[in-house]
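Here are my notes for a first look at this model. Please read them with the structure open beside you.

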Amino acid sequence: MSIPDTMLAAVIGEPGIIGTTTLPVPRPGPEDVLVRVHRASLCGTDLKVRSRRFFGGAGPAPGTFVPGHEYAGVVAAVGSAVDEFAVGDRVVTEAHRGCMRCVNCLSGSYTDCLNYGNPAKGHRTLGMTVNGGFAEYVVNHVSTLYRLPDDIDFDSAVMLTTAGTVMHAYDVLDSLLVGATVAVIGPGPIGLLAVQVARQLGADLVTLAGTRPDRLEIGKQFGADHLFNVRDEDAVAAVREVTGGRGADVVVECSGAASAVDDAIHMAKRSGKVVLAGFFEQPVSADLNHAVMNGISIHTVRGEGAGSVARALSLASHGRLHTADLVTHHFPLENIAEAFDTYAERRDNAIKVMLDVVE
């Protein structure tokens with residue numbers, strides 16, 4: 001495959017500004033794969049990167065950092081030590097690569113790498129700590145890529161990264177979902193996929209709570225037994241009612257709303273489990289005494305850890321994961337500023353906004 005010297009890439013500028021520029025095409029190291037990006041998508045973390053709140057401090061210099069952690073494409077080149085992939089392979093990525101030397105990484109918790117943000121020790125998170133996939137080319141470590149079956153298109157492939165977060169959320173429960181009652185809060189992409197995956201993993205009853213009727217209806221199509229609009233009813237009381245007064249075995253919080261942690265705790269049954277998958281804009285208050293007195297376990301996840309993208313890919317390859325209804329908009333990479341505004345402002349009921357990088 002012919003590889004040019006330069007490429008079009010999106011870069012963040014001053015807070016709230018993103019645009020495109022020309023950058024050198026990155027070169028893969030011995031264990032790396034150069035991916036020609038075909039499709040990429042936006043998520044809430046990308047908004048934090050654009051605003052620079054994600055970095056906490058000054059962050060990278062304006063015009064130098066390429067965001068984007070959800071993308072799929074075609075292998076353009078491989079490093080000298082790579083024999084797992086060949087030029088021309090269609091692949092999807094996982095954002096996180098731990099240092100693989102700290103105790104967390106060695107135990108499999110590489111999304112909680114103790115050397116997070118330290119590339120000198122091997123850590124990288126695409127689009128967050130190192131340049132990501134909102135560009136024509138991006139370098140991935142070989143361990144962060146999965147080969148795509150021919151019947152999975154690039155739109156569906158990109159959604160597997162989001163589905164991987166859901167799989168990771170269920171991983172931390174250390175129990176099967178077969179026969180469980182599951183309550184999901186927040187009908188965004190992660191919440192809607194949490195409904196679908198729970199159903200595919202054998203949950204007996206699945207509920208979905210949120211504020212947007214159109215998104216709640218998608219949840220119904222994805223397998224939710226009950227929909228609760230929190231603007232019209234008390235979702236905690238509603239979950240308890242449909243579970244016979246006990247509460248849910250598992251509650252997955254995907255909204256990041258300030259009140260959602262407290263709601264999740266009160267939706268859970270005694271000895272139930274709460275998983276926090278959403279990112280919160282500010283510190284939250286919750287009745288932790290209720291959790292303590294009722295033996296409710298609270299878990300958190302960050303991203304698609306524990307090889308969860310591979311399991312999401314397995315579901316999709318067997319026709320058990322459907323994401324087309326979540327993809328609402330497409331933009332060329334040149335129009336990335338408009339794509340970000342569309343996603344942030346939820347224009348035309350935007351759910352998942354895609355960048356068509358290379359056709």
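1. Start with the largest nonpolar core. It has 51 residues, and Leu 160, Tyr 170, Val 182 and Leu 321 touch the most other members. Keep in mind that this is a predicted model. Several elements supply at least two residues each to this core: β4, α3 (154-171), β10, α4 (189-200), β11, α5 (213-221), β13 and α9 (308-317). Helix α3 gives the largest share, 10 residues. As a rule, nonpolar side chains in soluble globular proteins tend to be buried together.

2. Which residues does Val 182 touch? Leaving aside residues up to four places away in sequence, the contacts of Val 182 are Tyr 170, Leu 177, Ala 198, Ala 203, Leu 205, Val 206, Thr 207, Val 250 and Val 252. One of these, Val 206, also stands opposite Val 182, in strand β11. Strand β10 covers residues 181-185 and strand β11 residues 205-210; the two pair in the parallel sense over 5 bridges.

3. Now the open sheet. Its 6 strands pair in parallel, in the order β12-β11-β10-β13-β14-β15. Strands β12 (226-229) and β15 (297-300) are the edges, and each pairs on one side only. On average, neighbouring strands of this sheet are turned by 20° against each other, direction ignored.

4. Two helices lie across these strands. Helix α6 (residues 235-242) lies across β10, β11, β12, β13 (248-253) and β14 (268-276). It runs at about 160° to β12. Helix α7 (residues 260-267) lies across β10, β13, β14 and β15. Its angle to β14 is about 145°.

5. Strands β1 and β2 form a hairpin, with 5 residues between them. Gly 16 sits in the turn and has a positive phi of about 90°. The two strands run antiparallel, and 7 bridges join β1 to β2 (residues 18-24). Within this pairing, Ala 9 has Thr 21 of β2 as its bridge partner. Is β1 buried or exposed? Of the 7 residues of β1 (residues 6-12), 5 are buried, so the strand is largely enclosed by the rest of the structure.

6. Aromatic pairs come next. The whole structure has 3 of them. In one, the rings of Phe 54 and Phe 55 have centres 5.7 Å apart and planes at 90°, so this pair is edge-to-face. Phe 55 also pairs edge-to-face with Phe 65, at 5.6 Å centre to centre and 85° between the planes. Phe 55 and Phe 65 both lie in the loop between α1 (44-51) and β4 (71-78), so their pair ties together parts that are 10 residues apart in sequence.

7. Phe 65, at 6%, counts as buried.

8. Arg 90 lies over the face of Phe 154, at 4.7 Å from the ring centre.

Methods: Residues are numbered from 1 along each chain as its sequence is written. This is a predicted model: local features need pLDDT of at least 70, side-chain atom pairs count only at pLDDT 80 or more; totals for chains, interfaces and linings use all residues. Side-chain values use heavy atoms; hydrogens and water are left out. Buried means under 20% relative accessible area, exposed over 50%, partly exposed in between (1.4 Å probe, protein chains only). Helices (H or I, at least four residues) and strands (E, at least two) are DSSP runs, numbered from the N terminus. Two strands pair if DSSP finds at least two bridges between them. Axes are lines fitted to C-alpha atoms, for helices over the stretch in contact, and angles run from 0 to 180 degrees between N-to-C directions. Contact means heavy atoms within 4.5 Å. Rings of Phe, Tyr and Trp (its six-membered ring) pair if their centres lie within 6.5 Å; planes under 30 degrees apart count as stacked, over 60 as edge-to-face and the rest as tilted. A charge sits over a ring if NZ of Lys or CZ of Arg is within 6 Å of the ring centre and within 35 degrees of the ring normal. A nonpolar core is a set of buried Ala, Val, Leu, Ile, Met, Phe, Trp, Tyr and Cys residues joined through side-chain atoms within 4.5 Å.
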